[in-house]
Every structure is written in structure tokens, then in C-alpha cells.
Amino acid sequence: MAAGRVLEHLTEEAPDRFEITLFNAEPRGTYNRIMLSPVLSGEKTYEQIVTHDADWYARRGVTCRFGERVLSIDTQARVVEAEHGQVSYDRLILATGSAPFIVPVPGHRLPGVLAYRDLDDTDRMISAARPGARAVVIGGGLLGLEAAAGLRARGMAVTVLHLMDHLMERQLDPEAGALLKEDQERKGIDVILDAATEEIAGKTRAEAVVLKDGREIPCDIVVMAVGIRPSFQLAQTAGIACGRAITVDAQMRTQVPGVYALGECVEFNGALFGLVAPLYDQARVLAHELTGVADAFVPRELATKLKVTGCDLFSAGDFTGGDGREEIVFRDPSARIYKRLVLERGRLIGAIIYGDVTGANWLHQLIQEGRDVSTMRETLIFGPDAQGTDGLSRSSLAA
Amino acid sequence: MVQRKNGAKEEGDDADKSDDPECRVMDGAPLPALADDAEPRVTVKSTCAYCGVGCGVLLTPDGKGGLEVRGDPDHPANRGRLCSKGSALGETVGLAHRLLAPVVNGRATGWDDALQLVADRFRETIAEHGPDAVALYVSGQLLTEDYYVANKLAKGFMGTANIDTNSRLCMASTVAGQRRAFGTDTVPQTYEDLEEADLIVLVGSNMAWCHPVLYQRVLAARAARRTKIVVVDPRRTASCDGADLRLALEPGSDVALFNRLLADLYEGGALDATFLRHTEGFDETLAQAMNDDISVTGLAEEDVQAFVRLWRDNEKVVTVFSQGVNQSSAGSDKVNAILNCHLATGRIGKPGCGPLSVTGQPNAMGGREVGGLANMLACHLDLENADHRAAVRDFWGCDRVPEAPGLKAVDMFRAVGDGRIKALWVIHTNPAVSMPDADAVREAIRGCDFVVVSDVTAATDTARLADVLLPATAWGEKSGTVTNSDRTISRQRAVLPAPGLTRPDWAQLAEVGRRMGFKNAFDYASEAEIFREYAALSGIAGRFGKDFDISGLAGLDRAGYDALPPVRWPVSATRTGGRFFADGQFYHADGKARLVPVAWRPPVAKVGPRYPFRLNTGRIRDQWHTMTRTALSPRLAAHLAEPFLEIHPEDAADLGIGLADLCVLDSPQGRAILRARITDDVLRGQVFAPMHWTGETAPAARIDAVVAPVVDPVSGQPESKASVVKVSRMQAAWYGFAVSARNVTPTGDYWARAVTKAGHRVEMAGYAAPPNWETAAREMFGLAQAEVSILEDRAAGSARLAFREAGRLVAVLFVSPGPVAVMRDYLVQMPEVPDLTLLSGRAPADRPDPGVVVCACFDVGMNTILRAIESDGLVSVDEIGKALQAGTNCGSCRPELAALLTRVQTQTEQTPVRPTSPNLTQPKEAAE
């Protein structure tokens, strides 16, 4: 997605400036990974989530070498060695993304143990998803829950195993996590928390997941959705400086002249990136860098506004409690709405919203601006339209 | 379930066999439609239940227990007009709060038990401790016939003059002043004088709010003949709007002002030497007047001179005076200072010319005529006069009547408190709220051996203290006569069936009389029979030369009584109606009037470092007395839904009292908590609070708990408008506002509740917040099971809760560390308020907040009016009326509409560009 985006910028802003070759190990163009869930659930087809296909690239004069793996890079000679031959370059962009993390428990290589990362994973799941068949999804984060929902929509009996004590613990607090769990269960998805996987049992293929507490969950497939790891081995082998990923500066330059990187495969100021918004920012910055326009990547306060399997939720900033932090909490159990705002020294620093995300963007803006919200405390939850003193007169203060 | 029976009520002394006494006394259920509601709708003429204007009303029962109310175009008092309170009478006839069966020691019973107990206890107490160990405390809301029987029972048969009335709190100083000046308690003028006058002086009268229909007559006269209006009042009231001259004198300094007027008129040669021949006491009076120092009024000399000039140049002057004059330790002297000026100029009893006292109660005048006060006998006959006593004794057929006055209200409750009075019967009044030093009075009643309360509801501060509760028929159900402020006797007629076991007061009193052994004296079959006896007794008074003579009505048969049109007394063989005293004939023994030398003296309580504020009390436009009736009407509650304290902006700033903060008032007598209304309507050093709120509606705001029990030495009337207090900001930890579909049991150190169209609204505040708001709210609303949505900010101390039952919104509570800032006038429309926006406390853009109700008749809010003025460019009260209907019915709100116009015009002049966000700390509505 990052590659597609940066090429879009480049071919629009400087159409004839570069002769471009695009390698993709996947045998297809660029598609929106975020939309794999509806493909899994059957609501969309692959064709509907393609953003830049071979034709699109052809029209822009981009040479596509899809399905071809890059084997090595010679940064001195400025040559890329691929499965079907070399290409020399003036500028090289690495957008190698990430790979799903497979928990290395016994049995993780058994057939039937799948990741959920790309269209091929999705197709494998679809072909395994027969009504009445059983799936175990390891990982109760966003990806895992999307996988679970898709498989459930295809008629499978689904159990989500989550290592932590509530779902989506990086985006949600325990209370919102509990609401989300209930909503999963209402959809017929079993959720087991504090579930540490001991092994995946099976003779020739995965047959059950065994937990450390001894519980055994029989299954036909296991989907690993416990996280991603940046893919930077190619860069590292080429001698490009890497930490937890490829190290870049604010112009997306690696430490090797002429080599750039962006997306999930980079590390900037110690941070990794997994969401689409910073990735698009990086694409813009890199296109500007290559066309000589001054720009710099500035990481933004990350907010997650998601619809997870039909449940609206929003999470931004730092929502951990503690000394000096104050909370505004709204609970409407019958409407299944939960909102929690965290304030520090009169400023909004974090927010979690479950169920009704109206006004969430405004809250996100307040967090980013870091301005004092003391005078708005009573009405923050209700969004921007409930602010200010317009229409509030003395008779609003007392009968 | 309580419902009105459409048939005749069941008479009889059978005990009520209900197993659940409570169900007869209180029931929150609405009236069901009756099956037989197809009977023809009949309209009946009657008289309004409220103030002393005595407006005629046309009542049309809807057959379902409800009542349509219109002004009677034929009644001379109002000619079809009604004020907001009168217009809303139909909203107050429900039975939800009615007392429907006698209650003895908390248990419902029948009349036989209850009245036998009352008769026995009074008889035993008299036998054991003497007649003065019993007392009746009655009310200007009694009909004349009820009043007559009460007075006869006390003075003729119980043998005590200990019958006093809440008129003592209202009119006693006028009674005393008129008797001193005229030798009789007689209002010389008629309402028509308001139309005939060239100058109207309002003294201590907020006529625009307290006697709105008279004020509308004044405004109409002014429009027609450019009548000049002077308002003498320390406070800027709605009546000051458009006055030619406003004299904001120091509280209690009226005597000095009218003494100066008398002296200047004398020096200017404006006195009437011919008329003065009909008077005594001029020289001493003038000398005293010239001795007074006008500076105590604090008025500017040019204003005083302007006042004198207006008086001198306008022969036709009517001085209207009310509670600002009467409720004073110098009340009688104030009345005489005014009467002195009218007598010395001969400006009395002539068209458009004379003093006009206006009374606060529908039948205060009837009570005075009957003689139902401790220092009167009957029909203007004198207790101290042996011939009068003998005549009355013979007429009533009793052994003796007391020779000395009984205890006046304040002394009466002192005697209740120290045990001298051991049996007390309170009828249609609420002394535990309305008496000065009200907490002490409440404790006195609580401690009394035997307390009987007759009322239409058990939910009053006084009724809650009763040993015996007697259920009375209410306005609309009872029949009799009332006398208004200009001596017009009008019929109140029954149009609704008496509910439950209720009975008229005269019937209760007469039955107790019979059971005490006086069968013949109280053998009344109807109120018409009582009226005939009363009219006959007035004929005896007439033969003694008394002016109150309605013997011309003594021959009325039932049909004649029922058909009696409004008639102004006297009605005798020699005279009917008219004005008094223009002929120089007065009722002292020598036939002359008295000018009474009076000297200014300050209010008894002195402000000082400890109690630096002077507390004024009074009425508001849409409530009446202790609200037992008006509080039932949602539209009346919407005008001012909470007790408040008017305080000057600079005083508020000095005390750190902000917009809508709560204030604590402390006096040597007690404490009250009220909402601050920061306004320069009051002068610095003065504060004003309404008198209406009670233990039922706002238990921390019983204003008479802080009023000192100081009285006028002549009239015995309490000084209700000049106590001294300390004011401080309530250090509340939390403020709350709730709206509920059902009744609420509020929490907090302060609360005030009012009805809404669909339920109740409550303001609250407390020194310490409950540990858990959900628990507290569930208790408050009685909603143990309802679903709740909660917004909580524990660190800030705020919370918002909404409760639903079966998906339907039933209650909402807002809690804040400061005054709760939500759109109340929008939220009280709950449950119509859209659920989603509810807890934000804000109206959505497509449903703008109407603002606090200004026009109660058409339910038009302040914001609606302001928006219309601004967007449609309205420039007059009449244009507002055309656009929104506001002010086009009763007219009570017209002064407020004019003030809103002025505000918009002023803002436009001062700030051509409207600020987009008016700062809440600027009291934009401070002058409302």
C-alpha cells in the first residue's frame, strides 16, 4: 500500500522524472489490506479492494515485476538482483512491509495453521471455511477479531484465544474490552482470555490448540493473528542500517545514499508504524523528497477509529490511569456505549470510545492540540456542538 | 384512585371504611375520564380564589373533573380580564393532592369521630383552663359565611376573642389606620377611581405582579388619559416600568415622606380648610409632620419636590397602598401619614380621588366586616363597647361575649408556644410557614396539646403538625360570598362536586358548635341561611350608626342568594354602594375624622456589622401565598421555579457571590438558603426574597424563618419586610438539577421542586456529595430497577444520569460542582426532549431552547421573545403580542416584555456587533 501510494504521488507530481520498476513478491498489484476482512467474510471480492493494478501502473509507465522476489541489493553498484534478473537504480525505495508473527509453539508448522496477512492467506482461510468446521484464532487484536468475524460469517465455529486479560488491550481499556468481548459472544464467537498457547496438536495437520492450563480446543484451522514483524532482512543483508526495522530519517532516507524506505518496514526515532495514516504521510514526504520539495515526516498522535466486526470504537492517546490523571466516564449499558476520557493537568491526553464514535475526531484533535479543556469538562463527551456558552443564559444556570 | 363524583356528595357521619387511609389522602394518579361525561356544559359565574382584586370568573366544568376558566366580562372588578394566576385556576382543581377524609392522629376516619373529638377537646380545655386556653387561627381565604360562623363560635360560644386571622399579616395596619382616622375600617374608594384619577401613587405595592388586573386597568387609563404614575418602593419592581416618578426610599421611611408632603402642601397653601373642619388633630399632626426629617428617606430633594408638585397640581390623586405600607412596625402610622394628606386636602371619597388600600386575599375584607379578628366584635361593632356586646349577645343568644381583645397572631402563637393556648384550630392558612420566626411557630404548633387543621390538602407545613385534619371543600366546590378591596361583595359558586368526604368550613364549624352543646345557635342548613343572619346582624350595626350595613340583603331567599350579582356595600334601606367620606361624615363619636400625628421611626431591627443587610420579602407574579394551589400549575411554576434572593451586583461581588450561586441568609431568628439573582433592582445593602416557598416546595427556603417577630404596636401586624440578615455564599460541594416524570424525594441541604407539564423539576445543592450518585438518584426518583446511563467526572465532582424504563426516559439528574449549566426550559419538556441530546443539557439546533417562561398564558419563553425581537425587528409590546401572542391575554407579563425590548435596544446601541459568545460571568439577565 505504501508503494502504491508513493508511486501515485510521484507519477502525478513528476510524471516523466523517473523510469520506475516495481517489484512485488505477491503476484498482483496493490490492494487495500485493510479491506481483506470483507473479502474474508464474503462481503467484497478481491477486485473491489484493488487500488492500483497492473493496468494502472502500465498507464503511468511503471514496469511491474509482480510475483518476483528480490534476492539482494548492491548499494555500491546501485543494482537490485531479482529472481529474473538485475535492475540498476538511481534511487531505490524499500517498501517491504511486514510479515505476520507466528508464535513458535510446537506444531506451528502443521498444515492448517495460517497467518492473516495477504490475499493468499485470505484465500486459504476461505477455502478452509466450511460451515460447521471449527476455527481457532490466536490473537484478540484487531486482525484476529476481523479474521474471527469473517470465518464466523462463513459459518465456522470460532474461538478467539487472547493472551491478555481483555481484547485489543493496546486500543481499549478493560471495560471497553469487556463490551467488545460481549459483542463478539453475541455474534457466536467464543472468546477465551488469559489464553497462553502451549502447542498446536495434530498428527498431519492442526487438530486442536492446547492451552498452558491444559484446556484443549479442537479445531480444523488455526489462524495466527498475534502481530506483525517488520520485513527488513533484505535491507539488513545489503548493509543498510537497521534497528528494529530499517532506520530512516524524516525524509525517509536510509543511511545509504540513494536508498529510501517507508511503511511498516521502517523505524523512525525508535517508532514502528502499523496504521495507514502515518504510512500515507510517509508516502507524501518521500515523493516530495524525490522531486525536490521540502517536506518532513512528523509522526502524529495516533488514533484508532475502527469498526471492528460491526462495533464502533475509537481510541487515542494515553488512556492509562494513575496519579495526576483524571477520568471522565460515560456508561450507557443498554445502548452499549462506553466512553472514557483521560485528563492530565487540565488537558485531554487520551480517549476510549466504544459504541458511539460521534465527536471522536474532535476529541482526537483536542488531544493533538493539547489545549486546556477544563472549562469544557462537563460537556466534552457530547462533542463540539455542546460547547461554548451560546444559548446558555442565567436561566440555564438556575430556575 | 381518586375521582370526582358527578353526583351529589354523600353526606353523613359514617366513618370511612377504607383499609388504606393514605389512598384517600394522597394519590398521584391523574383523573380518569368519567363515563357519563356527556352532560351539557354549564357555565357558572364565580369569583377568583386569589388576591383581593376579586375578579369575576366564568367557570365551565368539562365533566371530567376539569374546569375551563375565563374572565367574567360583566364583573365590575375585572370586566373580563384575568391575570396569569386566575387564568391557570383550571390547572389547580385536580384531586391528586387533596385531603379527602378526616384524619385523626394520622389515621383516616369519619366525620363523627373527628368532629366529636374536636368538640370534646375544645369543651374540656375550656372547662379546665378557661376559654382563653383555646384559639382559632383563620384566613382571608375563608368565605364570609365560614368566617361568620367561626367568629360566632369563638366569641359567642367558646367565649374567647382568641380568633385571629392571617389578615393580621396583611391588612391589620390598614384596619388600625382607617379606624384611627375614620372611626371605621372602611375603604372610601372604588376601583373606578383608578380610571378617573390624574395621578396614581403606588406605595409599597407591586401592583403589576400582585394585583395584575388592577394594574392593567391603570395602564389602560394611562393610555386613555395620560394618568401620571408615581411608585414609592425601595425596590424596582415590574410596577416601576413606565412610572413617571420612582421614589426608592429607605425601607420604612414612608412616614417621613408623607409628613414632608403634608408640610409642603400646607406651606404651598394646597390644603382644604373647608374639609379640615370635618377633622380633628390637624395642628398637632402638622407640627409633627414639620418636625420630621426627609433625609431619612434617602431620596434626592428634586425627586421629593417633584412628588410634592405632582400632588399639588393634580386634584384627582389616588394613593394605592399595600403590603409595603402595612407589613411594618410603623404600618399604622404609615397608613395615617397617607390618610392625613388625603384628609387635609379633602381628597377623599370623590371620583378619582382618595386613598385605596388593596388587599392580598380574596376575602380579607369579608373577614374584617365579619369581625373575625381578635380585636373586633362583628359587623364593625366594637368589642370594647358594652352596648355593642349586649346587642350581639342578644342576637346570637349566647351568655356573654368577651370584653377584651384576644391575642393577635404573633402573640397567639407565643401563647401556643408557652402552653397558655392548649387547643388550636387552624383553618385555611399555613402559619408554620407564613408567620415571622416561622421555625419557632412551627415548633409551638408541634408542641401544642391539640391542633386541628382544616384544609384542602394534607401537604402543608402546618397540616403535617395536626392532631386532627379536617377535609374542606375547595374553591370551585364551595359556595358563599367574598368582599374585594373596593367593598364589592361577590358570590363564589360551586361548580364541581365535593370530592370524597370534604365539607364546607361553615358546616364543620357549625357541627362542632352543635356538638359543644349549642344546637340552636348553629342549626344552619345552608350558607344562604348564614348570610341572611349575618346581613341581619349588620342591620343592628347600622342602627348603631355603623357604616357596614347590608341589611338590605337580609331577606334574600335561596334563589335570590344564588342569583346575587356583585354588589358594593353598604346595602341598606338608606344607602347602596358608592364612596365614603366626601360628605365629611365620619364614624368617630363626634362624626369627625382624625388626623393622627405620626413621626418617622426606623424599622425595629437595626443593620450592623453582624447583620448588614435589610431583608425585604414579597410576592412573585405567578405564585400565591404558600403555593398550595398555584404550585399545582406547570405554567405558573415555569416563570420563577425556585426561591431566590435579589442582591445588588456590588454586594454580590463583595461577598463573592456569583451568577446563580446559592446564598445563605442568617438572622437572629433562623436561616434560609436561596438562589442569587444579582440585580440592581434592589439597592445596595438591601436584599429581597419571595415569601412563597415552604417545607413542601423548598424546605431550606422558608423565608419567614429568618423574619423577626416584631409587630406594629397598634395593629399587631408583623414587620415582614425589614428584618436584618447576614448574607454569605453557600459553600456547596455540589449543585444538582433533576427532571422526573414522577414525584421526587430530593436530597441535599437545599432543594426546591416544581411541577412541569409531564412531571417534576428539582434544584438541589449540598455541603457533601453522596458517595454514589447512582444510588442516590435511584433513591431520589424511586427507580430501583430502571436502566441508567451515567456520565461521571469524579475528580471534578460532576455527574449526569438518565434513567429509562422500557426504553422510555423517566428521570434525569445533572450534578455539578457549580451551578448546573443546562438548558432547563428545554429539558423540562421531557419526555419530549430527544433522548440522544438529553444528557448534554443542550437543545439541538432544530429545537431551540425557549428560555424561562415570561408569558404564562401562552407559554412563551424569554429566548423565543428575544429571538423574535431581534430577527423580526419588533419594537413594541403590542408587536410582540401580534407575533407571539405573549402578553395578549392577562397582560401580567407586559412589563417584562417591555423590559426585554429595552434590553435588546440597549444591547444594539452599545454593541453594534453581537458577541458570538456572551460571557457567562456577565449577568446578561441581571435586570430581568
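How many residues of domain 1 of chain B are in contact with residues of domain 3 of chain B? In this predicted model, eight residues of domain 1 of chain B are in contact with seven residues of domain 3 of chain B. The side of domain 1 of chain B that touches domain 3 of chain B consists of six nonpolar residues, one polar residue and one charged residue. Taken over C-alpha atoms, the centres of these two domains of chain B are separated by 36 Å.

The division of chain B places domain 1 at 21-92 and domain 3 at 172-357. Domain 2 of chain B is made up of two segments, 103-170 and 363-525. The division continues with domain 4 (613-729), domain 5 (734-840) and domain 6 (853-910) of chain B.

| Domain of chain A | Residues |
|---|---|
| Domain 1 | 2-98 + 229-291 |
| Domain 2 | 113-226 |
| Domain 3 | 303-389 |

Between domain 2 of chain A and domain 3 of chain A, 13 residues of the former are in contact with 13 residues of the latter. On the side of domain 2 of chain A that touches domain 3 of chain A, two elements give two or more residues, namely helix H5 (142-153) and helix H6 (174-186) of chain A. H6(A) gives the most to this side, with five residues. By class, this side of domain 2 of chain A has seven nonpolar residues, one polar residue and five charged residues. The centres of domain 2 of chain A and domain 3 of chain A, taken over C-alpha atoms, lie 29 Å apart.

Terms used. Residues numbered from 1 in each chain as written. Chains lettered and ligands numbered in written order. Predicted model: local features only at pLDDT ≥ 70, side-chain atom pairs only at ≥ 80, totals over all residues. Domains from an automatic or database assignment. Contact = placed C-beta atoms within 7 Å. Nonpolar A, V, L, I, M, F, W, Y, C, P; charged D, E, K, R; others polar. Helix = DSSP H or I, 4+ residues; strand = E, 2+ residues; numbered from the N terminus.
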